[in-house]
Amino acid sequence: MPVQIGEGTTIWHFSHILEGVTIGKNCSFGQNVVVGPDVSIGNDCKIQNNVSLYKGVLMEDGVFCGPSCVFTNVINPRSEVARKSEFRSTVIKRGATIGANSTVVCGNVLGEYCFIAAGAVIVSDVPDFALMAGVPARRIGWMSKAGGKLGEDLVCPIDGSRYIEIDSQTLQSVKCI
């Protein structure tokens, strides 16, 4: 099964791209990255050193994966028991940031523009714009689309964009007219 690599994408040494992988345009892969098989990566993604994206990962545009972050694809692996029929997918939505040395347990969706702190362990779905930290990870705040930590006023300190909290798990961007 062929591999598709978009224009402008760079792949550093000692990386492996396996069969059936689709990579978008203008992506960057650090050294020692393993992708696939059958992984889909959008445009403008940055995958830092020592990241493995296993079968079942679907990554939308603009995702950042920090050094040595980990993705799983089986909930209960055993060396002596084949579990390939039990692979679970992990969806990483547009603009998400996944910090260095964090772990994303398979079967979850990481929301748009969420921010996973370094070393966090994701064991459930992550809301859009959520700032997640800890083991297991919990929402400790909100992040803006521009990557600014939102204070109580829910105004981005980087670009001044405004947000409104719909409920404890839902943040929405306020469209200015």
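**Sheet and strands**

An open sheet of 6 strands runs in the order β1-β4-β7-β10-β13-β16, and its pairing is parallel. β1 and β16 (109–110) are the edge strands, each of them pairing on one side only. For the chain as a whole, the secondary structure amounts to 22 strands and 0 helices.

**Overall dimensions and surface**

The chain has 177 residues, for which a compact globule would have a radius of gyration near 16 Å; the chain has 17 Å, in agreement with that expectation. The principal-axis extents of the C-alpha trace are about 50 × 40 × 25 Å. The accessible surface of the chain is about 9,400 Å², and carbon and sulfur atoms contribute 51% of that area. Of the 177 residues, 40% count as buried. Among contacts in the chain with a separation of 6 or more, 17% are between residues 24 or more positions apart.

**Two residues in their surroundings**

The table gives the relative accessibility of each residue with its class.

| Residue | Relative accessibility | Class |
|---|---|---|
| V3 | 34% | partly exposed |
| N73 | 13% | buried |

V3 lies in the segment before β1 (4–5). Together with I5 and I11, V3 makes a nonpolar surface patch of about 210 Å². Its relative accessibility of 34% is the reason why V3 counts as partly exposed, since that class lies between the limits of 20% and 50%.

N73 is placed in the loop between β12 (70–71) and β13 (90–92). Is N73 buried or exposed? N73 counts as buried because its relative accessibility is 13%, and the buried class takes in values under 20%. Leaving aside residues up to four places away in sequence, N73 touches Y54, K55, E86, F87, R88 and C106.

**Summary**

The predicted model thus presents a chain of 22 strands and 0 helices, with an open sheet of 6 strands in parallel pairing.

Terms used
Residues numbered from 1 in each chain as written. Predicted model: local features only at pLDDT ≥ 70, side-chain atom pairs only at ≥ 80, totals over all residues. Heavy atoms only, no water. Patch = residues over 30% accessible without salt bridge, like charges linked within 9 Å, V, L, I, M, F, W, Y side chains within 5 Å. Areas by Shrake-Rupley, 256 points an atom, 1.4 Å probe, with all protein chains shown as cover. Salt bridge = Lys/Arg side-chain N within 4 Å of Asp/Glu carboxyl O. Helix = DSSP H or I, 4+ residues; strand = E, 2+ residues; numbered from the N terminus. Buried < 20%, exposed > 50% of the residue type's maximum accessible area, 1.4 Å probe, protein only. Contact = heavy atoms within 4.5 Å. Pairing = 2+ DSSP bridges. Rg over C-alpha atoms; globule rule 2.2 N^0.38 Å.
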